[in-house]
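The sequence and structure are shown first.

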Amino acid sequence: MILFLQNILRFIILILVQMFVLNNIRLLGYINPYIYILFIFALPVKFSRPLSLLLAFILGLIIDMFSNTPGMHTFATVLIAFLRNPVINLYTSIEEGANPEPSFYTFGVAGFVKYIITLVLIHHTAFFILEIFSFIGFGYTLIRIILNSLVSIIIILGISLLKKK
């Protein structure tokens, strides 16, 4: 029950921070960090896949409604929710019967950093390719993917460091 309430609170706080703070930040004209995806990253390892896809859809849809990006956040968020388990299996080995929340303590520093970097890059690449929907100006899009990913990764890892064991 406590885990359920924590996830609801995390969901609401991340949406509010994204909508009212981070969506209004444009660093250097390129950078707009997306940390709302931390909700998907922090779900327990053995969390129901259909439910995580549904939650990712709802999360992306809410962000889309407030960002005026028709379906782009929804697609990118559902994509990372879909690829989350294979990425976890790629970088970590979870004991049978264990259901930890991904963190530095449960995945190890290297495994957790790789997990975050991989999913953030997938999310941002999908989002920015959908946003431009063209290969014209691909260099500009590539710069935006790299810079936004870098800032988002730093913020997400910083938030994750604050989490207790």
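Patches are made of residues with over 30% relative accessible area and no salt bridge, like charges being joined within 9 Å and nonpolar side chains (Val, Leu, Ile, Met, Phe, Trp, Tyr) within 5 Å. The model is predicted, and local features need pLDDT of at least 70, side-chain atom pairs count only at pLDDT 80 or more, and totals for chains, interfaces and linings use all residues. Residues are numbered from 1 along each chain as its sequence is written, and side-chain values use heavy atoms, with hydrogens and water left out.

**Surface patch and salt bridges**

A nonpolar patch on the surface consists of Phe-4, Leu-5, Ile-8, Ile-12, Leu-16, Phe-20 and Val-21, which together have about 670 Å² of accessible area, as given by the Shrake-Rupley method with a 1.4 Å probe, where for residues only the protein chains shown count as cover. One of these residues, Ile-8, is found in helix H1; helices here are DSSP runs (H or I, at least four residues), as strands are (E, at least two), numbered from the N terminus. Ile-8 counts as partly exposed because its relative accessibility is 36%, given that buried means under 20% relative accessible area, exposed over 50%, and partly exposed in between (1.4 Å probe, protein chains only).

A salt bridge is defined as a side-chain nitrogen of Lys or Arg within 4 Å of a carboxyl oxygen of Asp or Glu, and by this rule the count comes to two salt bridges. In one of them, the side chains of Arg-10 and Glu-101 meet at 3.6 Å, N to O. This pair links distant parts of the chain, with Arg-10 in helix H1 (residues 2-20) and Glu-101 in the loop between helix H4 (72-91) and helix H5 (104-107), 91 residues apart. Arg-10 counts as buried at 18% relative accessibility, and Glu-101 likewise counts as buried at 18%.

The other salt bridge joins Arg-144 to Glu-131, whose closest N and O atoms are 2.8 Å apart. Here Arg-144 belongs to helix H7 (residues 138-161) and Glu-131 to helix H6 (residues 109-132), the two being 13 residues apart. Arg-144 is buried, with a relative accessible area of 11%, whereas Glu-131 is partly exposed, at 31%.

**Tyrosines of the loop between H1 and H2**

Tyr-34 is found in the loop between H1 and helix H2 (38-41), and Tyr-36 lies in that loop between H1 and H2 as well. Tyr-34 is buried, with a relative accessible area of 5%, and Tyr-36 is buried, with a value of 0%. Contact means heavy atoms within 4.5 Å; leaving aside neighbours within four places in sequence, Tyr-34 is in contact with residues including Gln-18, His-73, His-123 and Phe-127. With neighbours up to four places away again not counted, Tyr-36 touches Leu-14, Gln-18, Leu-59, Ile-63, His-73, Thr-77 and His-123.

**Polar contacts**

A polar contact is a pair of N or O atoms within 3.5 Å; within protein, one must be able to donate a hydrogen and the other to accept it, and residues adjacent in sequence count only if both atoms are side-chain atoms.

| Side chain | Partner | Distance |
|---|---|---|
| Tyr-36 | His-73, side chain | 2.7 Å |

Thr-118 is found in helix H6 and, beyond its neighbours within four places in sequence, is in contact with Val-87 and Tyr-91. Thr-92 lies in the loop between H4 and H5 and counts as buried, at 13% relative accessibility.

**Aromatic pairs**

Rings of Phe, Tyr and Trp (its six-membered ring) pair if their centres lie within 6.5 Å, and planes under 30 degrees apart count as stacked, over 60 as edge-to-face and the rest as tilted. The structure holds ten aromatic pairs. The rings of Tyr-34 and Tyr-36 have their centres 6.3 Å apart and their planes at 80°, so this pair is edge-to-face. Phe-107 and Tyr-115 also form an edge-to-face pair, at 5.4 Å centre to centre with 70° between the planes, and both residues are buried. One aromatic cluster is formed by Phe-41, Phe-104, Phe-107, Phe-112 and Tyr-115.

Most residues other than glycine have a negative phi. Asn-68, although not a glycine, has a positive phi of about 60°. Asn-68 is found in the loop between helix H3 (49-67) and H4, and counts as exposed at 69% relative accessibility.
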